[in-house]
Amino acid sequence: MLQSLRRDLLHDVKSRELRVIVIAAKGPVFCSGHDLKELSSEDDVKHHSQVFELCAEVMTLIQKLPVPVIAKVNGLATAAGCQLVASCDIAVASEKSQFATPGVNIGLFCSTPAVALGRSLPRKVALEMLFTGEPLSAHEALMHGLVSKVVPEDKLEEETMKISQKICESSKSVLALGKATFYRQITQDLDTAYKITTKVMVDNLTLRDGQEGIEAFVQKRKPVWSHSQEEKK
């Protein structure tokens, strides 16, 4: 599943037509995390390392992709499944969705999911989830910032597509620059973050789409995006 997800995330990643990625699931579970049968003592340490290294690679890949990645959650997201939601740029959940890191209850603490969880939730909320394994409801997840929106189940597709379509109205090159910069600056101290983003704002202005957007605003017309990384000459 992880290998398949990695392939799907990278599929057409360089295409100008690719504007947004939505991760969804069929059935009552969004993602239940690792198959515990793959983590039994029958397999050696090398195999276990490969499983968790691949998982970490997929989670970090999401933030490195040049387009926004949306989790469309309609059900239970546990352990690495909860990690997947936390790793996405945006998450839209149905009201019936729940989120948990129950590894502690079976003797396998959710240490890798904690990386994404601890960067999405307040520390004490994340630690309560990790220490108890108790789930957050969709509305609790929204209140604490794990998901972006919560909607009735019959509105989930509509709301996810609404966000996706809005993203598609913008320049791919500008969004790619903005996403990469956001994740680069968020781990820095305040002064370094402003130094990084000040330079990026200037770089953004040199892009063809950066100038097109400003010219369109001044001329009171809709911009015509090139979606190109090329600088305006």
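**View 1. Separation of the two domains in the predicted model.** The C-alpha centres of domain 1 and domain 2 lie 27 Å apart, the domain bounds being taken from an automatic or database domain assignment. That assignment gives residues 1-168 to domain 1 and residues 170-219 to domain 2. Because this is a predicted model, local features need pLDDT of at least 70 and side-chain atom pairs count only at pLDDT 80 or more, whereas totals for chains, interfaces and linings use all residues. Residues are numbered from 1 along each chain as its sequence is written, and side-chain values use heavy atoms, with hydrogens and water left out.

**View 2. The interface between domain 1 and domain 2.** In this interface, 16 residues of domain 1 are in contact with 7 residues of domain 2, contact meaning heavy atoms within 4.5 Å. The two domains bury about 830 Å² between them, 45% of it on carbon and sulfur atoms; buried area is the accessible area (1.4 Å probe) that two parts lose on being put together, summed over both. Of the area that domain 1 buries against domain 2, R19, Q63 and P66 supply 46%, more than any other three residues.

**View 3. The packing of helices α4 and α5.** Helix α4 (residues 111-118) packs against helix α5 (residues 123-132) at an angle of about 160°, with the axes 10 Å apart; helices are DSSP runs (H or I, at least four residues) numbered from the N terminus, and axes are lines fitted to C-alpha atoms over the stretch in contact, with angles running from 0 to 180 degrees between N-to-C directions. The two helices α4 and α5 are therefore roughly antiparallel to each other, a term for angles over 145 degrees. A114, L117 and G118 in α4 meet A126, M129 and L130 in α5.

Note on methods: Angles under 35 degrees count as roughly parallel, over 145 as roughly antiparallel, 65 to 115 as roughly perpendicular and the rest as oblique.
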